[in-house]
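Please look over the structure shown below before reading on. This briefing takes up a sheet, a helix and a surface patch in turn.

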Amino acid sequence: MSSRVFDYIAQEEQRQQTTVELIASENFVSADVLRAVGSCLTNKYSEGYPARRALGNQGRYYGGCAVVDQLEEYCIARWKEVFHTDYHVNVQPHSGSSANLAAYFALLQPGDSILSMSLSNGAHLTHGSPVNFSGKLYDMHFYDVDENGFIDYDAMARMARTLRPKLILAGASAYSRIIDYRRFADAARETGALFMVDMAHVAGLVAADEHPSPFGLADVITTTTHKTLRGPRGGLIFCRPELAKRIDSAVFPGTQGGPLQHVIAGKAVAAEEALTPAFRTYIHAVVANSRAMADEFTAMGYKVVTGGTDNHMFLLDLTDTGLTGKQVQEALDGAGITLNKNCVPGDRRSPFQTSGVRIGTAAMTTRGYTAEDFRRVAHRIDAMLRTLSPAENAADKRA
Ligand SMILES: *Cc1c(COP(=O)(O)O)cnc(C)c1O
């Protein structure tokens, strides 16, 4: 037995239990999710899908799948229930990025145009970064936020009319306001584009009715399961029934091999948990705590992008302090507070430095933090920032 590996795991467990986790994309799963993910299901190969004549699929390519067939069907049924939807569900994507890869693969040809949110203002790498497959394979165009940090829906609709993109994409990793999916759906319908929503960050809020739902509006919806949904690391794809075959074959055999049945089990447990009243109470607290903390920073004189938040996270714009996001991230790491640097709208610093930090409340709310606890952390962060000197990064500013 490798004592070295288990020693690392013990050290990481210690780190997780003794630091204040404010990374907006992280959370702490339940003991049941951990048990499912650490189970014997990791041993099983099950390429293909549970056979369903209605979908015309070929079933599995391996024997011994009787149990995992039921498990995967059960997982699918629970997620339909979570989002009150009859959309088709694929629970096999290994991650949010894999889900997006498969969705594009199903809907587009290389070179097709996509209209998505600009990366510097909150979108994900898979939404067209030049270093990512999305930016390399597709013709990317970007809508932006206005001077106050809100999505500029009118400009997005105008771009859609001129570009006539094949796909319009909504969703972000660092956007603290409600996303009006209807505005995107209208632009897509008017211009004949397909409409895809990547709800990776807000999926837990959608499940608990704390954010408008994209179901009924989007043709395809992707998400991660490990952020506000508080499940194992992984992805899900939902689509209108008429796209089911294309989505399923884009996942397997298009872009993945054998599904991770231990993770699918974890996803099923997470869905069961998301269906409980306790989950709704939890998500409600996540949003209330995010508001409380953002308001506290505003009261202390900090600039919060858009002036506040509607969801589980917000961005602090440090431009006026002269501090970089990198500097703040590192200083807080040393003080046991974990968050990440993030570009802010109009940022003049590189993504390696940034002029902002992203703060999320999903993880520590799971740990039982109240609004008062989050306000106290805001003051600890303020005290730490006061000890930092902006002068040292004059050079970075030019870089
Ligand atoms: C986190 C995230 C992803 C990617 O998830 P991974 O599981 O890390 O690949 C995709 N889209 C958005 C909007 C995200 O926030």
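Two strands are counted as paired here if DSSP finds at least two bridges between them. By that criterion, strand 10 and strand 13 (residues 356-360) are paired in the antiparallel sense, with five bridges. The model is a predicted one, and the points below should be read with that in mind.

- Four strands make up an open sheet in the order 9-10-13-12, and their pairing is antiparallel.
- Strand 9 (303-304) and strand 12 (340-342) lie at the edges with a single partner strand each, so one side of each has no neighbour in the sheet.
- Strand 9 is joined to strand 10 (residues 313-317) through two bridges in the antiparallel sense.
- Across this pairing, V304 is opposite L316 of strand 10, while K303 is opposite D317 of strand 10.
- On the side of strand 13, the bridge partner of M313 is G360.

**Cover of strand 10**

- Strand 10 is mostly covered, and five of its five residues are buried, where buried stands for a relative accessible area under 20%.
- From strand 10, M313, L315 and D317 point one way, whereas F314 and L316 point the other way, and all of these residues are buried.

**Helix 11**

- Helix 11 covers residues 277-299, and its 23 residues should span 33 Å at 1.5 Å a residue; because the C-alpha atoms at its ends are 33 Å apart, the model agrees with that expectation.
- After helix 11 comes G301, which has a positive phi near 100°.

**A nonpolar patch at the surface**

- V5, F6 and I9 together form a nonpolar surface patch whose accessible area is about 270 Å².
- V5 belongs to helix 1 (residues 3-18).
- With a relative accessible area of 41%, V5 is classed as partly exposed, because that class lies between the limits of 20% for buried and 50% for exposed.

How values were computed. Residues are numbered from 1 along each chain as its sequence is written. This is a predicted model: local features need pLDDT of at least 70, side-chain atom pairs count only at pLDDT 80 or more; totals for chains, interfaces and linings use all residues. Side-chain values use heavy atoms; hydrogens and water are left out. The expected span of a helix is 1.5 Å times one less than its number of residues. Patches are made of residues with over 30% relative accessible area and no salt bridge: like charges are joined within 9 Å, nonpolar side chains (Val, Leu, Ile, Met, Phe, Trp, Tyr) within 5 Å. Accessible areas come from the Shrake-Rupley method with a 1.4 Å probe; for residues, only the protein chains shown count as cover. A salt bridge is a side-chain nitrogen of Lys or Arg within 4 Å of a carboxyl oxygen of Asp or Glu. Buried means under 20% relative accessible area, exposed over 50%, partly exposed in between (1.4 Å probe, protein chains only).
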